[in-house]
Amino acid sequence: MEYTRLGGSGLKVSRIALGCMSFGDRSRGYNEWALDDEAAEPIFRQAVELGITFWDTANVYGYGSSEEIVGRAIRRYTRREDVVLATKVFFPMHDGPGGSGLSRRAIMEQVDASLRRLSTDYVDLYQIHRFDPDTPAEETMEALHDVVKAGKARYLGASSMWAWQFAKLQYTADLGGWTRFVSMQNQYSLMQREDERELFGLLADHGVGSIPWSPLAKGRLTRPWHQRTERGDVDTLAQQRYSEEADKPIADAVERLAEARGVPMAQIALAWVLRNPVVSAPIVGPTKPHHLPDAVAALDLELTDDEVRMLEEPYTLRLPTGFA
């Protein structure tokens, strides 16, 4: 495993992050492919053995059950001091005034609820899951700063928003003398590259590390284009975001290069993401035994300039997805 600093901060993270959205309680109406404690055990053990110390979840994943599973996994398979633990706030957890959004009421209520579920006194990285247009930026940034000063979070991060929104929040933090964001969890893959134009210049200028979600385009970059999977048949988000015929040439290019290199497609797609100097650690959400070893192997895969051009050539301009 390789390790790096998260953006310009001093926080040391593994270059591959364990995405925990796939862990949860199906009985709460969560994803049909969600893994419970028993099914997730081999993956957590594997993450520990591979040296993946950066674990990312959110309050809304499994409607709280992902955080519960992650908290139990830390106690069973590793030590809290050996894990960089991240979670998020924004999406609805209940209908009350503190159940969603980024108001002071919601942030204070939800961080405490996340800490209870995770069975910890603090998280290393507390992230806003989206931009909240209904709450003043000053209220949000001061509340997040107070979370840090209370010792409930060590660092702050953001996720999935327009560059102007992120710049507004950072500027507001500066004006108030409050804690700034050190990371941005944004969608980035060979099938969604709009942040190269929209966001990455700002992140580089601010010393903010990108921790991309869906670096494998929800699996579409891990298999031939027309190959179906059980999850792909029911994952409506994947169908909405990565089903256009314009994406097929991208998947085909990854498949050709993987065959030429004699490696899985996932390694090619992740090696491409890891080349970007703004990227600190792509987030991989494993559900199968080979997912994490493939991700770690991508760290040793160096793509040539010609190979990069072949992978990038089929891409066409598109709208960012996931927040707009």
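**Salt bridges and a helix pair**

Biologist: Why is Asp112 called partly exposed?

Modeller: Its relative accessibility is 28%. Buried means under 20%, exposed over 50%, and partly exposed lies in between (1.4 Å probe, protein chains only). So Asp112 counts as partly exposed. The model is predicted: local features need pLDDT of at least 70, side-chain atom pairs pLDDT 80 or more, while totals for chains, interfaces and linings use all residues. Residues are numbered from 1 along each chain as its sequence is written, and side-chain values use heavy atoms, without hydrogens or water.

Biologist: What makes Lys152 and Asp112 a salt bridge?

Modeller: Their closest N and O atoms are 2.8 Å apart. The rule asks for a side-chain nitrogen of Lys or Arg within 4 Å of a carboxyl oxygen of Asp or Glu. So the pair qualifies. Lys152 sits in the loop between H4 and strand S7 (153–159), Asp112 in helix H3, so parts 40 residues apart in sequence are tied together. Helices (H or I, at least four residues) and strands (E, at least two) are DSSP runs, numbered from the N terminus.

Biologist: How do you know that Arg79 and Glu81 meet in a salt bridge?

Modeller: The N to O distance is 3.5 Å. That falls within the limit, so the pair counts. Glu81, at 56%, is exposed. Arg79, at 47%, is partly exposed.

Biologist: How many salt bridges does the whole structure have?

Modeller: The search finds 22. One of them joins Asp146 and Arg104, with N and O 2.8 Å apart. Asp146 lies in helix H4 and Arg104 in helix H3 (residues 104–118), so this pair links parts 42 residues apart in sequence.
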